[in-house]
Amino acid sequence: MFIPVAQSAFKTLRHAQPRVRLYFINKNGYSSQVEYKPIRSVLVANRGEIAIRVFRACTELGIKSVAVYSEQDKMHMHRQKADESYMVGKGLPPVEAYLNIPEIIRVCKENDVDAVHPGYGFLSERSDFAQAVIDAGLRFIGPSPKVVQNMGDKVAARVAAIEAGVPIVPGTDGPVTTKEEALDFCKKHGLPVIFKAAYGGGGRGMRVVRKMEEVEESFQRASSEAKAAFGNGAMFIEKFIERPRHIEVQLLGDKAGNVVHLYERDCSVQRRHQKVVEIAPAPRLPTEIRDKMTEAAVRLARHVGYENAGTVEFLADESGNFYFIEVNARLQVEHTVTEEITGIDLVQSQIRIAEGMTLPELGYTQDKIQPRGYAIQCRVTTEDPANDFQPNTGRLEVFRSGEGMGIRLDSASAYAGAIISPYYDSLLVKVISHASDLQSSASKMNRALREFRIRGVKTNIPFLLNVLENQKFLHGVLDTYFIDEHPQLFKFRPTQNRAQKLLNYLGEVLVNGPQTPLATGLKPAEVNPHVPTVPLVTEPPQGLRDIIVRQGPEAFAKEVRGRKNLMLMDTTFRDAHQSLLATRVRSHDLLKISPYVAHKFNNLYSLENWGGATFDVALRFLHECPWERLEEMRKRIPNIPFQMLLRGANAVGYTSYPDNVVYKFCELAVQTGMDIFRVFDSLNYLPNLILGMEAAGKAGGVVEAAISYTGDVSDPKRTKYDLKYYTNLADELVKAGTHVLCIKDMAGLLKPEAARLLITAIRDKHPDVPIHIHTHDTSGAGVASMLACAQAGADVVDVAVDSMSGMTSQPSMGAVVASLQGTPLDTNLDLRDVSEYSAFWEQTRTLYAPFECTTTMRSGNADVYLNEIPGGQYTNLQFQAFSLGLGDFFEDVKKAYREANLLLGDIIKVTPSSKVVGDLAQFMVQNNLTADQVLEKAEELSFPKSVVEYLQGSIGIPHGGFPEPLRSRVLKDMPRIEGRPGEELEPLDFSKLKEDLKESHANISDRDVMSAALYPQVTNDYLHFREKFGPVDKLDTRIFLTGPKVGEEFEVSLEKGKTLSLKAMAMAADLKPNGDREVFFEMNGQLRTVHILDKEAVKEIHVHPKANKSVKSEVGAPMPGTVIDIRVDVGDKVEKGQPLVVLSAMKMEMVVQAPQAGVVKKLEISNGMKLEGDDLIMIIE
């Protein structure tokens, strides 16, 4: 039943008469004189949420509110909510400021304060504080000092409970101050036991001990915590009750001896003995037990003469027994749930009782107090549940709360921009739900918590949501082991936090410049490329992929060979931009045009869109997942076969891998949407080639074995790679089971006459096998060569859309289409569609101006027939030359490339063998070496790593063998690899790799594991980047590369139906003391700011170094806090898991353990030093 209160009458009485004396005879038969004296002003000797809670009650009662605050709290909300506020404890540590009794009394006396409310924590259970308040002529809103003292003394409280006939748990007779006393008790009474702070509560200084060897260490830690929290490290020890429920009874008592209970609360959901979720009333508590428990609580309160609000806490076992734990002689954090179910304002009641009003006058008689429904309180804290609930501090970048019917919020500094400090409790906001039954109340709470958006610090909301969805919780089956026995509560789906991460990325670009290296000084164009429209509701027409899916690779090959017209593969999505734009084209732009390609180019043989350098570059420079690129393209282009470049036993890497890595890669690629594997080896080394073919075939892909072409079969003087060499290779690949044969002319060396000779020879020997020709147009003869191939019997040739063709890219699609129109080889593509497709890429290409090959290469160049540089390498080699300061010597680099190739034995040149030649060429130019000098000085030169590994045999054996005497002179006594390099490698343990990745990264998928198997460090860096900056692939390309202009408005589509509207507002001119620069944005109409470390400016100021999370030897602070104990020194040997340092923050101590065994090389901390999260503590090698 809810009790109406005539507030106006009390306000009138308060202001009309300063003092009224009332006399009562209480129902127990003893008389008492109760003085009513109105309170006009209340000082709250506390901070945060509870201070604001009391201020609100004062305002409702017409009472002036006064706040005190520490230096560290000068920006805190509670001081702004009060009518007046005054600093206390200037120069003192944060907690001690609120424990400074003389200063608090001084503020009261100087500012005409009538009464003091202690809140909870700090001084609330200090009898000397209550006495000091009374001695100063003020009123203490709480029990009398004597009761506070007796109830705060665990021993005295136990004695009182025994005298009142309340059951107790066996424990020490008095406070224990030494570990020896603790050990004696444990030996006498046995384990388990629980240590509790003798002069405070709230779970501080509380430890359960189950092993005798842990007694001393646990006692020291618990005592240290208690001393920090309450000023006294004395402990109380008692026998630990297994599987109890923690139930507490809320009481109100007045000065006339009246006591009522407001029913009970279940506080069993605890972590580290601190309450996490509270429920009122306690679910599934039998009525007879409830009645006995509440009667015992009231009896104890009357026995000790309790007045004001308080709580009696019990442990209840499964048999219906209950035991007294303690009395909390103050208001408690969870008082809110009792207020919700009874309708009684406990804080206002405290004030009124302190004024001298009795419970009957307030309308609070036991028969009128009835519970209605169920209330739940969740304490939202700035703790990371995925990291052992370590406190998390920082700035609240975003704060949006959950509200609505049945939801109450009690908070303090919960607003965007608030600073969460390490000095105080981690409580951010209390969320209270109220409904007719437990399940409905939990549903409201669940909904409200899901509405919260908190960014900048981690919170325990994911954990709370798991609790609220647990079936045992929903049915009220609870005990204090609930959290410990439900490990699934700690399985979280990480919040994506995409918007704020993107703002951090944009801020990083604006403050510190591009986050992907730009190859030139050119800027991306300010264009928004026109995307040609297609009917969105219409499925694209069927293509050749339908045959692969329904009938398999053999049927696909037969269909291709059976067609009379020339088929085309479009390389625009991969090799074209690899050759012209350093592989930098992003998924964002590829996906824009994908629907158009699906609708207009369904007759394509395939779309080359993956593999090769795109895999590495996507992770390393574009900060996006290549697997997601493939998956998203497949969604938009379901009808055209996809083709990828597979480097045989090298997969999409630059080295040899264990065989199971190649097999697993192909399997995952097919699952993600790949169809055709163009398998090649950089040396045409058959064992490597065949492994790749087998892996692709086993995965269910179309195997297209590629012969890498070099030399000139039309030149009788070029005998190393003659026609017979290529036809013999073709025979071997057909015998090995290839579905399609490919000639991979990676440098564009296949002249029209050579094309006619080569294709005719292969076609004559293998009339039923489809032949596919890949080339580059570096010389300008690409179209002519491809037409010659078609006329000689090739089924497929490679082209790129016109605006992405020519030079080191592929021949022009439009030129080939137009040349064959009206002939038997007609491609059946519409030139108008090609033109519209080309127009999109013509505009899009300008976005990638920083990587534009035309910066250094103005046209094609027939000297490729001399230097034989592959098209995909040509522009990259130019950019590398410029970055090495050899830009003016690129002609020399090209000449050196030819010499390097001959030095190495005139080898097949395609990644990774082409890199070997390129590295040697640049090495020669840098060191001004001729080929003869290289050979002469080979034994003393320090060759590039790639050259040494090639000569060792790490990528296979070249046709004709290794060059001698160069190989012997370079390698000397280094080991050599005989046979296929990957054959001797141990299979990779994917499960172990996944576990290793999970140690450093959340939400690891099998795709991430595969990427890490191929590119360990690159993938690790990418995962760190993704966690920090989110889905940067959703940003427009210009914004991604160089950031937005100040004042620019733009949109970011995160997913279907979720679009962010962003505007870059300003960047602060002044640095923060820690080197941060504040950047201002507007997001969806709301102001957002991010703080970005200015990496240039910070060089001028001292900032504590951060631990690199990817380097296991660097030990970082797991939470912000103060160093209170350093247990090792430089040079010490440590074992994995050994305690290194003890940190203290938010009244909690944390032992930092060694992540690995080793020797302490460097120590970056000292005792008393204040650390931020991830600050470097030490280096262990």
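Predicted model: local features only at pLDDT ≥ 70, side-chain atom pairs only at ≥ 80, totals over all residues.
I looked up the exposed side of helix 5 first: Pro102, Lys109 and Glu110 are exposed there (exposed is over 50% relative accessible area, buried under 20%, partly exposed in between, with a 1.4 Å probe and protein chains only). Helices here are DSSP runs of H or I with at least four residues, strands are E runs of at least two, and both are numbered from the N terminus. Residues are numbered from 1 along each chain as its sequence is written, and side-chain values use heavy atoms, with hydrogens and water left out.

Next I checked the buried residues of helix 5 (101–110), which are Ile101, Ile104, Ile105, Val107 and Cys108. They sit on the same side of the helix because they cover an arc of only 155 degrees around the axis (taken from the directions from the helix axis to the C-beta atoms).

Then I looked at the ends of helix 5. Asn100 caps the N-terminal end, with a side-chain oxygen 3.2 Å from the backbone nitrogen of Glu103. Just after the helix, Asp112 has a positive phi of about 55 degrees.

My last stop was Asp745, in the loop between strand 30 (740–744) and helix 28 (752–765). I found Asp745 buried yet without a salt bridge (a side-chain nitrogen of Lys or Arg within 4 Å of a carboxyl oxygen of Asp or Glu).

Technical notes
Polar contact = N/O pair within 3.5 Å; in protein donor to acceptor, adjacent residues only side chain to side chain. Lys, Arg positive; Asp, Glu negative; His and termini not counted.
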